[in-house]
Amino acid sequence: MFKIVEREEMTGGTVIRNEIEAPLIARKAMPGQFVILKANETGERIPLTMADTNPEKGTITIIYMVVGKSTALFRELKVGDAFQDIIGPLGAPTHLEKVGKVVCVGGGTGIAVLHPITRALKEIGNDVTCIVGARSKDILILEDEMKNASNDLRICTDDGSYGHHGFVTDVLKEVLEKGDIKLAVAIGPVPMMKFVSKMTKEYNVKTMVSLNPVMVDGTGMCGCCRVSVGGQTKFACVDGPEFDGHEVDYDELMLRLLAYKEDEKRSLEESGLQL
Amino acid sequence: MAKKEKISRQIMPEQAAEIRAKNFEEVPLGLTQEAAIKEAQRCMQCKKPACVDGCPVGVDIPGFIKLIAEEKFVGSIRKIWEKNALPAVCGRVCPQELQCEGKCIVGKKGDPVAIGNLERFVADKERISGTGEVPPKAPPTGKKVAVVGSGPSGLTVAGDLTLKGHQVTVFEAFHKPGGVLVYGIPEFRLPKDIVFSEVAFLEKLGVTVICNEVVGRTVSVDELFEEGYDAVYIGVGAGLPRFLNVPGENLVGLFSANEYLTRSNLMKAYRFPEYDTPIIRGKNVITLGAGNVAMDSARTALRLGAETSRIVYRRSRDEVPARGAEVHHAEEEGVEFFFLTSPLEFKGNEQGRVTGMVGLKMELGEPDDSGRRRPVPIEGSEFELECDLAIVAVGAGPNPLLTETTEGLALNRWDYILADEATGKTSKKGVWAGGDIVTGSATVILAMGAGRMAADSIHDYLTWGW
Ligand SMILES: Cc1cc2nc3c(=O)[nH]c(=O)nc-3n(C[C@H](O)[C@H](O)[C@H](O)COP(=O)(O)OP(=O)(O)OC[C@H]3O[C@@H](n4cnc5c(N)ncnc54)[C@H](O)[C@@H]3O)c2cc1C
Ligand SMILES: Cc1cc2nc3c(=O)[nH]c(=O)nc-3n(C[C@H](O)[C@H](O)[C@H](O)COP(=O)(O)OP(=O)(O)OC[C@H]3O[C@@H](n4cnc5c(N)ncnc54)[C@H](O)[C@@H]3O)c2cc1C
Ligand code: SF4
Ligand code: SF4
Ligand code: FES
């Protein structure tokens, strides 16, 4: 049903890109929305953002990092294989607006999520500076794509193997110092989003983050994905996944992401799959 | 008929409490044919059967029971099917003591006729060894109907309209059809194979079931009309979990019952790691609420290895809304009840995991609007109950996903869909609604009753048009 038509191993196989037949979803999807995928009968429901869509061809593209049993199982799927279930498009689309100068900050596979948003922000006339970070050069993804999607791309690596040696927040500070930034978008690991938000708050720049809590249904019926935003409980799958970065309780989110740590370890071990 | 000797109500054998509390197999084992025939003989074949008034869909109860007594089982199941498309389900989950059996005349002086158990018996017999024959269908009308949601109400509409010759497609958001019957009610109370065989039967009848389509996201109601559907039935249930709004509610280990049961039932987390979805297996479990949902949660927790499983409820035992049989089963299995107790707060540790609940004792005060005595807090009665898993089962509301994306659909002040009581018609042309999304959380049989009513009205609309 949801057949893989193209597959690419990025960064030596730790990140995978799949283009999948899903015409009904491709027709409707907007930047910022995600799908939930289940590989087979015994599989788990896994949320992944659509990195791209092609309504004419009837396909969606996902880019995911192999971090546990389910993503390792997804990696086993070859061109011609199919996911048993894909549901979407889910979540509220990104609120896109022409505001002037925008800075987009991405880390890890967050870059894949950031890409369609960056592209759309530029397309509607914003001047987009993009800062992407990775631990090292060989696990940086989508460099060319991000270059095309933005007016100015800055790269940071933790180990200094490429671009600026250090964290995205160093470069962000520079960009913010120059002033006139109207909007920041930050997508990546929770600590990154937390520190970016802390910094943009000092500069009083409105910031949007995309959260990735554990989910089950993705339609607002279970409350598994609840996050605290501005002291209120929100369901990330329907109220989000994008929220005002200055209002999010990141520490709670990080703890909630660890809910199944032991089970995840066991699940991976017993599956015999490797990360 | 000289059957004056008094037969007592036939007891349905069950798995012993200490054994079943550790497995997910069905608890009641069903009546033998011999016992069913004996039980059927207890029915007095009333001329004005009170039991039928108690059944929301008016099953011809003396009719189907008589056929069991005469060992005409195929005739019996056909008789039930006239009014109820899911008897294997209803025989198991209807609150019979409040409905059919509650009105049975035999129950005035002793135990009522076991109508639910008999219904289950013939339905199981048909499923396991029946002919599997498909009832005759009316010739094709060329009309197309979309049913949104595959719970009991949606499935009823689909079956009825297919038999009347219309072409029906059911759209389901989840990856499996059945609604609450599949994601909510546990295996030990309603084996999922039963639900799937009911759905398979509908498919054999000609219904198309499409999973993984969220109406309001993948496709909108208006787009369904553009795609050529002539009518739409909305039976999306009341799937929005309510929380308590007390401190500590986002701690790890605190679930909505929807999440807890969905993980266990639909995702089969009870078979982790054979199935990939994990679930937290608490040692000391607290469930908030005392409806069917709460009983299912507390009993599931036991089966997942809990040493204590406690139900905390604001009101008293008299107000417990769950089916009598479930409360009884839960108690037998070792679920403890804390009545007149209200949760104030949840406590957690440095890992953000729940470690306990602070509760407040209540006493019964003056009756409220519903006539029930309102619980009022006893000052200074705070106490703490230890727990490493807490399940909130205090009700559900309407999920706004579909209604917010559908223009022209009037809602009531609690955001349920407004639908005509006699027809299920909504304010939007060509759109009907029924089940929990109209009434709020109710029962399987009421959801099916609403479906049947709407199907009749949709059929009129498609036949005559207005
Ligand atoms: C709306 C949304 C969109 C997402 N989009 C993407 C995407 O485009 N690309 C991508 O690579 N990932 C994305 N994620 C994260 C992705 O869903 C998880 O990485 C995935 O569920 C891990 O499953 P697993 O069984 O392989 O790993 P598990 O064994 O479940 O987990 C392994 C490790 O990953 C962590 N983890 C578990 N669940 C999540 C989660 N939801 N988010 C982050 N870490 C998690 C665990 O804490 C653990 O350390 C998204 C998540 C959400 C909620
Ligand atoms: C745990 C539990 C135990 C219960 N026990 C009993 C019992 O013992 N006896 C009894 O009589 N009743 C019981 N009930 C109540 C009963 O199950 C419900 O009243 C009944 O299922 C309602 O039927 P429905 O068809 O209206 O909706 P549901 O059964 O809720 O089905 C709705 C379906 O619609 C789908 N859906 C939702 N939104 C969309 C969308 N936008 N697009 C596509 N599909 C969508 C849902 O995924 C779901 O499958 C129980 C309920 C629960 C939760
Ligand atoms: S459908 Fe329910 S209420 Fe009606 S006769 Fe059967 S068990 Fe009783
Ligand atoms: S009321 Fe009881 S005895 Fe009378 S017809 Fe109904 S089931 Fe039989
Ligand atoms: S994932 Fe279930 S409500 Fe969001």
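Biologist: What makes helix H3 of chain A mostly covered?

Modeller: In this predicted model, 11 of the 14 residues of H3(A) are buried. Among them are A:Ile111, A:Val113, A:Leu114 and A:Leu121. Buried means under 20% relative accessible area.

Biologist: And how do you know what span to expect for H3(A)?

Modeller: Helix H3 covers residues 110–123 of chain A, and the expectation uses 1.5 Å a residue. After the helix comes A:Gly125, with a positive phi near 105°.

Biologist: Is A:Cys104 buried or exposed?

Modeller: A:Cys104 has a relative accessible area of 0%, so this residue is buried. B:Cys43 is called buried too, because its value is 9% and the cut-off is under 20%.

Biologist: What makes the pair B:Asn250 and A:Arg226 a polar contact?

Modeller: The distance between their side chains is 2.8 Å. A polar contact needs a pair of N or O atoms within 3.5 Å, with one able to donate a hydrogen and the other to accept it. B:Asn250 sits in the loop between strands S5 (240–241) and S6 (254–256) of chain B. With a relative accessible area of 9%, B:Asn250 is therefore buried.

Biologist: Now to the ligands. How do you know that B:Arg189 makes a polar contact with ligand 2?

Modeller: A polar side-chain atom of B:Arg189 is 2.8 Å from an oxygen atom of ligand 2, and the limit is 3.5 Å. A polar backbone atom of B:Asp436 lies 2.9 Å from an oxygen atom of the ligand. For B:Ala173, a backbone N or O atom is 3.1 Å from a nitrogen atom of ligand 2.

Biologist: How much of ligand 2 does the protein cover?

Modeller: On its own, ligand 2 has 1,000 Å² of accessible area, and the protein covers 93% of it. Helices H9, H14 and H18 of chain B each give two or more residues to the shell. H14(B) gives the most, with 3 residues. By class, the shell has 17 nonpolar, 11 polar and 6 charged residues.

Biologist: Which classes make up the shell around ligand 3?

Modeller: There are 8 nonpolar, 3 polar and 1 charged. Residues around ligand 3 include B:Cys55, B:Cys90, B:Cys94 and B:Cys100.

Biologist: Why is the backbone worth a look at B:Asn212?

Modeller: Most residues other than glycine have a negative phi. B:Asn212 is not a glycine, yet its phi is positive, about 65°. At 8% relative accessibility, B:Asn212 counts as buried. B:Leu340 is not a glycine either, and has a positive phi of about 45°. B:Leu340 has 19% relative accessibility, so this residue counts as buried, with the cut-off at under 20%.

Biologist: And which peptide bonds are cis?

Modeller: One joins A:Gly240 and A:Pro241, with omega about 10°. Another runs from B:Phe272 to B:Pro273, with omega near 5°. Most peptide bonds are trans.

Note on methods:
Residues are numbered from 1 along each chain as its sequence is written. Chains are lettered from A and ligands numbered from 1 in the order in which they are written. This is a predicted model: local features need pLDDT of at least 70, side-chain atom pairs count only at pLDDT 80 or more; totals for chains, interfaces and linings use all residues. Side-chain values use heavy atoms; hydrogens and water are left out. Helices (H or I, at least four residues) and strands (E, at least two) are DSSP runs, numbered from the N terminus. The expected span of a helix is 1.5 Å times one less than its number of residues. Buried means under 20% relative accessible area, exposed over 50%, partly exposed in between (1.4 Å probe, protein chains only). A residue is near a molecule or strand if one of its heavy atoms lies within 4 Å of it. Ala, Val, Leu, Ile, Met, Phe, Trp, Tyr, Cys and Pro count as nonpolar, Asp, Glu, Lys and Arg as charged, and the others, Gly among them, as polar. Accessible areas come from the Shrake-Rupley method with a 1.4 Å probe; for residues, only the protein chains shown count as cover.
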